[in-house]
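Let's take a walk through a protein model together. Keep the sequence and the 3D view open as you read.

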Amino acid sequence: MQEIPIHFNHEEIEAQISEQWEKSRVFHAEIDKNKQPFSIVIPPPNVTGTLHLGHILDNVIQDAYLRWHRMRGFSAVWIPGTDHAGISTQNVVKKFLYKQGINPETLSREALLNKIWEFALNHKNIITTQLKKLGFSCDWERERFTLDEGLSLAVRTAFVRLFNKGLIYKGSRIVSWCSRCGTAFADEDLIHEKNSGLLWYIKYPFVDEQENIQDDGVVIATTRPETMLGDVAVAINPEDERYKTLKYTKCFLPLANRVIPIIKDNFVALDFGTGAVKITPAHDFTDYEVGKRHNLPIISIINKDGKIIEPAPAKYIGLDIMTARNVIVDDLVQQKFLVKIENYVNNITKCERCHNVIEPLISEQWFLKMRDLALRAKLTVEAKKIKIIPDSERNDFFHWVDNIRDWCISRQLVWGHQIPVYTCEKCDNLMAEIDTPQACSKCGHTKLRQETDVLDTWFSSALWPFSTLGWSKKTPELDFWFPTTTLFSGRDILFFWCTRMMVMALEFTDNIPFKTLVLHGLIRDEQGRKLSKSLGNYQDPLILFKEFGVDAVRATVISKYPLGRQDCKISNNDYKEGRALVTKLWNSCRFILTNLTAETKLVDFDKFKSSDNAIDKWIIAKLKQCVINHDNYLQAYNISQAFVELSAFFRGDFCDWFIEIIKPRLHSKNLVDKQQALMTAVYVMVQILKMFSLYIPYVTEKLWQLLQQTMDVKHEQFLLNTNWIEVDVPSANDICSAMLLNMNLVTKVREMRHLFGIEYKTKLNISIYSARDNLKKYQELEFVLNNTANAFITESLTSPKKQLAGYIPIALDVGFAYIKLDEGIVDIIEISKMLTKKIADNEKALLTCNKTLSNENYLQKAPANIVQEVKEKQKNLLANNATLRSYISIMEGNIIG
């Protein structure tokens, strides 16, 4: 008998297996043109901290597909790496410096950069260590960082090419500005939140042709009264009946003491507010476009620090936005321009990084023209050259393209890729160069000034699928593994990252970045809330690993994998289930191995052939179907269902049935039958380990090594290097259908044992009624009933029993079974009392269901699936009570025809 530890020590085995993998370079991929390429690039984690559960979910999915393809004979590579995360990293380091008593604003650019580099490299190493601890089969020899030399060259090359094509330009335009981060943002970097605020109605008096202020005026409604200081017009819809007879073309702007025009534009909604809208081109994106259409001036009254500036009246200059708002509202009340105030729920835009409210303002920035680039990506997706899964997400992608604006790619930071544009200090000539120029290309002057702004982090990330393979140079890796095969990503970064990769790949490689884009949801807590330290529901992966083990955490997140728009809820109980699965896998394999003796030496399981034993044939047939279903689900990117299918086969068919049924054979004196039972068990277990290794690699790798010790034949050292499963056996439909009948019978008998309190050691005699063909199937596999339910068929019936006194009837899928109540098996009085109590408990639960379903208000507001669950519960309770009452009648000796 082989000595195997009783318990799976996850920390010890994780460290042991991880070291073996690293020393053997088992995850390293080489170009092999005799194999089909399969490539994935990891969505690079930011070097701002440690991994979170979202990273784990995303990477467990990728790891499963990488391992699956490698075992199926692909030349598979998974390229890992990290992102420098410009704004986030700089903000984190600044906060850290403040806590140390260092004011980062007093540091030179070089000194601050050195501090950030020190932080980033430290956290980059932490993230890499965590990824390795998770058992991810990345090719660590190909690890990249968005600021390493090769990727920096790629970024400069991409910028210069776009600049030279006229697609990148510098200009003063309205941008989204965060005063706390001190930088501009692209539209996709913002978050939109519902806000319970106020709507102020302000009267703008009419002005006649001589600019005399009238008593009457137009009323506008605004959620941002402070911006009125920058108003340049009031707009109305030309189709609005309320203003068709309006004789005035100008109005007076209160507080700012200016006269502004009244213009007509169809963008004004007829059903919002008063139908009149203030136009502030410097501080509203829609107003900016209206201003361009009507050639209106731009008046900026809010600066980058979020303070009021000239030409606003002196009273407000220097006030922050919220203070200015309060003062302005007070003045409007005092001067009788404020008509009314209403409560109003609107969306406000916040910085995705620091959650500060974003202020639209005019700023000189670098922009990338996006319309033609995005249109090419759209046509590619429409032609299905890139497959988006689930298909419903295509609509969001098309919406992004149809509403695209030029991308603001410059950031006012020190951390990142410094924009490779140089200005001649003599002739102001602008040059975009890959390498630092020594002199002006126009006048030859040697004093040049480089742009201080850096590029948006997503600019470098957009090159990731091909820059990691060596672009901007032509490399063998780029030629073999690009385009990458599949990208797995959270749906929350579809616009941040995925769409931009399409745009850049098509522009620079004339090819798609990936063939398939698979989008999934997010992990939330059991209440459906986003995981957050501030909410106190954040789950530290390191703590989870220590308590439950890496495999358990991986099993949990993959079983909850949310495809598309669905999010998944995870609680600690889910991790316990994951750990229970790992434990069961360990224990079942341990049971098999501890039954091996010198007399039952196993032959090579690669040459396994099924015996004529019905149960052996049945489990091999079920294994074959499991592999087919599992692989089909993976092909359809329904990975959680693949995992559920595998888990159900392992727990149910293999452990609960096959192992239980063969236990008598393992103690048999018939060594041939015993060895065949063990050989079948080992063969099926190996295939189970191969499938589970996609998801829980540590326990499966260790068990693989233990199993190999039972073989004389040398196999691959690592499970990852073995071939995928091919179960080539004849169909066994008859055996499977017979087994299904017997499993149903055993399950029902077990339920009756539990309900009536009949101990397993008590032998039960059963009569069976069914069709003749079915009776034959019950008889042929009666040992299943004997071995798993301690019950025996004493009578086969072709018609149902008329007299049920002394029997417990059980409804089967294809007939009835009757358990004979021999003397002493049950206490009739106690069982009747117990059943009566169960009926009473069910009646209480029924009252609750009935009350809920009679509440019309609840039925209208509750989700349909929840209402359906209550209805199902009501139905089941009614059916259960009817069954229990029939059993009471039987117990009391009544005869049921």
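At roughly what angle do the axes of helix α17 and helix α19 cross? Before the answer, a word on the ground rules. This is a predicted model, where local features need pLDDT of at least 70 and side-chain atom pairs count only at pLDDT 80 or more, while totals for chains, interfaces and linings use all residues. Residues are numbered from 1 along each chain as its sequence is written, and side-chain values use heavy atoms, with hydrogens and water left out.

Now the helices. Helices (H or I, at least four residues) and strands (E, at least two) are DSSP runs numbered from the N terminus. Helix α17 covers residues 614–635 and helix α19 covers 671–692; their axes come within 10 Å and cross at roughly 10°. Axes here are lines fitted to C-alpha atoms, for helices over the stretch in contact, and angles run from 0 to 180 degrees between N-to-C directions. So α17 and α19 are roughly parallel to each other, a label for angles under 35 degrees. In their contact (heavy atoms within 4.5 Å), you'll find I619 and L623 among the α17 residues, and Y683 and V684 among those of α19.

A nonpolar core is a set of buried Ala, Val, Leu, Ile, Met, Phe, Trp, Tyr and Cys residues joined through side-chain atoms within 4.5 Å, and buried means under 20% relative accessible area (1.4 Å probe, protein chains only). The largest one has 206 residues, and F159 and F654 touch the most other members. Helix α18 (residues 639–666) gives the largest share, 14 residues. Apart from this core lies another, of 42 residues, including A256 and Y316.

Now look at an open sheet of 4 strands, in the order β27-β26-β29-β28, with mixed pairing. Two strands pair if DSSP finds at least two bridges between them. β27 (791–797) and β28 (807–812) stand at the edges with a single partner strand each, so one side of each has no neighbour in the sheet. Neighbouring strands are turned by 25° against each other on average, direction ignored. β28 runs antiparallel to β29 (residues 815–820), joined by 6 bridges; one of the partner pairs is A811 with F816 in β29. Helix α21 (residues 733–756) packs on this sheet, touching β26, β27, β28 and β29.

Finally, find the hairpin formed by β10 and β11, with 4 residues between them. L255, in the turn, has a positive phi of about 70°.

How values were computed
Buried < 20%, exposed > 50% of the residue type's maximum accessible area, 1.4 Å probe, protein only. Parallel < 35°, antiparallel > 145°, perpendicular 65-115°, else oblique.
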